[in-house]
Amino acid sequence: MIGISKLYCRTVEPSDALRYGRDSKKLPSHLLQFSKDKKPVVVWNITQRCNLRCAHCYAHSKDIEYKNELSTEQGKELIDDLAEFGSPVILFSGGEPLMRKDLPELAAYATSKGIRAVISTNGTMITEKVAQKLKDIGLSYVGISLDGMRETNDKFRGIEGSFDKALEGLRNCQKVGIKVGLRFTINRHNVHDIPAIFDLLEEENIPRICFYHLVYAGRGSEMVDEDLSLERSRKAVDLLIDRTRALHEKGKMVEVLTVDNHCDGPYIYLRLLKEDPERAAEVLELLEMNRGNSTGIGFGCISWDGSVHPDQFWRHYTFGNVTERKFSEIWTDTSDKLMAGLKDRKPLIQANADRCAKCKWFDVCNGNFRVRAEAVFGNVWADDPACYLTKEEIGYPEDD
């Protein structure tokens, strides 16, 4: 994650993370990306079932009953292991996690073990009663997916009325005092809605939004041509920066982040270098703490059947299954070549890539998304095709 509000709007200073020793168990949630130990935040897709039909779903979810999900007891055993291992956050996802009846029980168990529990949901099932139950559990955060305003979102979700139901779910969370925010996956069909989404943040007093760059996986792998061009990506990030600044100048301290394209960090730094060199130096220090893409290091995924993946987009590769070995054992086993490579990827990328191999920002980006490189070039260690920085910006002449 790249925090536009944190970096560009000065809501976080390097000293904020240093004050906690950059220990993931001690850091507040908004500083977790700057941890030193990089204990894995785990996305657990607790069910494949979903009540919507989203075009970019990486889980190929349908509204049917699946038979291969971990049981409640297996889930608690998993949570016990994650707590002992030191994972600071479990993100319950799906499918639609609220379609699994024991979600409240599992989330409550996670919080009882000292793990922050958050959910990623389409929001359409959050009635007032459900919102109160989520509040009682002690959830740290509810992220609701909206991929545009009403017409755009409903087209992406495949169900008419999903926008209004999601907004109702968000308001129900607000009523009971749960921190709630939005998730928006940027593509060429919805980028035009970004200004209206910022208006919605202001109108509804929504405190947080994550803008996701498109990752080519799942049904999203069929959407390579739906991604923005590199130039449009730059313009979209500029728009996010400008609108975030405008909110903060109004006293609306909305947390705005981008996700899944770590060249956003150097891009913000380079913009600040022209506008505010003193702040740019502080931002560079924060980016060095962040260390870029954390797939296979500080971020992992467990599927509904217990399979362990590098991240939620990489479902075609499995390191093992928690029904056979503990997650902590799987995650630290570098006998798997991909696991070892992700944990020490620089030599492999330098041997296989062009731009990434020569990029002066490698240590603050960490080679960006490897699964996107694999999807486009058939080589895990090739360049990430979504990097929009110019050759000059990454450190070598345009005519090289």
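1. Asn 205 sits in the loop that runs between helix H8 (194-204) and strand S7 (208-213). This is a predicted model, and in it the phi of Asn 205 is near 55°, a positive value in a residue other than glycine. Most residues other than glycine have a negative phi. Asn 205 counts as exposed because its relative accessible area is 54%, and the cut-off for exposed is over 50%.

2. Lys 38 also has a positive phi without being glycine; the value is near 50°. Its place is the loop between helix H2 (14-18) and strand S2 (41-45). Is Lys 38 buried or exposed? Its relative accessibility is 11%, so Lys 38 counts as buried; the limit for that class is under 20%.

3. The peptide bond between Gly 94 and Gly 95 is cis, with omega at about 15°. Most peptide bonds are trans. Gly 95 belongs to the loop between strand S3 (89-93) and helix H4.

4. Helix H3 (residues 72-85) and helix H4 (residues 103-112) have axes that come within 10 Å and cross at roughly 20°. Because of that angle, H3 is roughly parallel to H4; angles under 35 degrees fall in this class. The crossing of H3 past H4 is right-handed.

5. Which residues make the contact between H3 and H4? From H3 they are Thr 72, Gly 75, Lys 76, Ile 79 and Asp 80, and from H4 they are Glu 105, Leu 106, Tyr 109 and Ala 110. Sorted by class, the contact of H3 with H4 has 4 nonpolar, 2 polar and 3 charged residues.

6. The largest nonpolar core has 104 residues. Those that touch the most other members are Trp 44, Phe 92, Val 142, Leu 182, Phe 211 and Phe 327. Helix H7 (residues 162-176) gives the most to this core, contributing 6 residues. In soluble globular proteins, nonpolar side chains tend to be buried together.

7. Leu 182 is worth a look in the viewer. Leaving aside its neighbours within four places in sequence, Leu 182 is in contact with Tyr 141, Ile 144, Leu 146, Leu 170, Leu 200, Leu 201, Ile 206, Arg 208, Ile 209 and Cys 210. Among these partners, Arg 208 is of the charged class.

How values were computed:
Residues numbered from 1 in each chain as written. Predicted model: local features only at pLDDT ≥ 70, side-chain atom pairs only at ≥ 80, totals over all residues. Heavy atoms only, no water. Axes fitted to C-alpha atoms, helices over the stretch in contact; angles between N-to-C directions. Helix = DSSP H or I, 4+ residues; strand = E, 2+ residues; numbered from the N terminus. Parallel < 35°, antiparallel > 145°, perpendicular 65-115°, else oblique. Left-handed = near helix turned anticlockwise from the far one by under 90°. Contact = heavy atoms within 4.5 Å. Core = buried A, V, L, I, M, F, W, Y, C linked by side-chain atoms within 4.5 Å. Buried < 20%, exposed > 50% of the residue type's maximum accessible area, 1.4 Å probe, protein only.
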